[in-house]
Amino acid sequence: MMSHLAGLSVATYPVVLAGDLTVGKTSIWRALQGLSFLENTSGFKEPNPAEYNLVVKLTGGQVVTLLVVDTGGAEKDLQFTLSRYHHASAIVFVYAVDNTDSFQSIPAWIKVGAGWLRDDYLRFVIGNKTDLKGEPGVVDLRDQYSLIRTQHLDGGYETSAKDNPKYIIQSFSQIAQALYKRFSVG
């Protein structure tokens, strides 16, 4: 996954994954690493925040590193988790497209993030579990567009960590490009 470029990285941007339990944050985190999909990661006993360096070559040839932080079940103590990552350059709010409650809680997650993160951080949203779109209660993509507009988010994506991990990598490559554009000097 381009890790041989890590020594050429011009910048590192911490990115926190946030959202309700069972929306697939750990599955997204695993997909970024090229690890296989696990059917259920919510059964882990201990909250286990974890970090992964994703090295991305941008369209202009620059190489940046995203330090992707999975809260790993520590959502109940998100204030502690965010206090550890208050220097984050971006937060990615994740909801499950088959769970309207997880989508409706995104504004609350945005409010928590605003209280802990630096003023100029970028905010994105990812609707995960698109492989379950045939299920009842699916969040419509138009609702995500409305959320992006009303909450002034920097972008949004829909994907499936189970069926389309390559799109997750593409989404995070676009996030890396936006971070470089926002924070690069010169």
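**A first look**

Let's start at the surface: Arg142 is exposed, with 62% relative accessible area. Its side chain meets that of Asp140 in a salt bridge, 3.0 Å from N to O. Keep in mind that this is a predicted model. The protein chain has six helices and six strands, and 46% of its 186 residues are buried.

**How the chain is laid out**

- Reading from the N terminus, the elements go β-α-β-β-α-β-α-α-β-α-β-α.
- Take the contacts between residues at least 6 apart in sequence: 75% of them join residues at least 24 apart.

**Salt bridges**

- How many salt bridges does the structure hold? There are two.
- As a bit of background, side chains of opposite charge can pair when their charged atoms come close.

**Helix α1, under cover**

- Is helix α1 mostly covered or mostly open? It is mostly covered, with eight of its eight residues buried.
- Those buried residues are Lys25, Thr26, Ser27, Ile28, Trp29, Arg30, Ala31 and Leu32.
- Arg30, which lies in α1, is buried yet has no salt bridge. The nearest side chain of opposite charge belongs to Asp70, 8.6 Å away.
- What does Arg30 touch, leaving aside neighbours within four places in sequence? Its contacts are Leu35, Ser36 and Leu38.
- After α1 comes Gly34, with a positive phi near 80°.

**Where α1 meets α6**

- Two packed helices are described by the angle between their axes and the distance between the axes.
- Here, the axes of α1 (residues 25–32) and α6 (residues 165–183) come within 9 Å and cross at roughly 85°. Angles of 65 to 115 degrees count as roughly perpendicular, so α1 and α6 are roughly perpendicular to each other.
- On the α1 side, the contact involves Ile28, Ala31 and Leu32; on the α6 side, Pro165, Ile168, Ile169 and Phe172. Sorted by type, the residues of this contact are seven nonpolar, no polar and no charged.

**The loop between β6 and α6**

- Thr159 is found in the loop between β6 (155–158) and α6. Thr159 is buried, with a relative accessible area of 2%.
- Neighbours within four places aside, Thr159 is in contact with Ile126, Gly127, Asn128, Lys129, Thr130, Asn164, Tyr167 and Ile168.
- Ala161 lies in the loop between β6 and α6, and counts as buried at 7% relative accessibility.
- Not counting residues up to four places away in sequence, Ala161 touches Ser27, Ile28, Phe37, Asn128 and Ile168.
- Ala161 and Lys25 are 136 residues apart in sequence, but their C-alpha atoms are 9.0 Å apart in space.

**Positive phi values away from glycine**

- Most residues other than glycine have a negative phi, so the next two residues are worth a look.
- Thr22 has a positive phi, near 70°, without being a glycine. Thr22 lies in the loop between β1 (11–18) and α1, and counts as partly exposed at 47% relative accessibility.
- His152 is not a glycine either, yet its phi is positive at about 55°. His152 is found in the loop between α5 (141–150) and β6. At 61% relative accessibility, His152 counts as exposed.

Note on methods: Residues numbered from 1 in each chain as written. Heavy atoms only, no water. Axes fitted to C-alpha atoms, helices over the stretch in contact; angles between N-to-C directions. Helix = DSSP H or I, 4+ residues; strand = E, 2+ residues; numbered from the N terminus. Parallel < 35°, antiparallel > 145°, perpendicular 65-115°, else oblique. Contact = heavy atoms within 4.5 Å. Nonpolar A, V, L, I, M, F, W, Y, C, P; charged D, E, K, R; others polar. Buried < 20%, exposed > 50% of the residue type's maximum accessible area, 1.4 Å probe, protein only. Lys, Arg positive; Asp, Glu negative; His and termini not counted. Salt bridge = Lys/Arg side-chain N within 4 Å of Asp/Glu carboxyl O.
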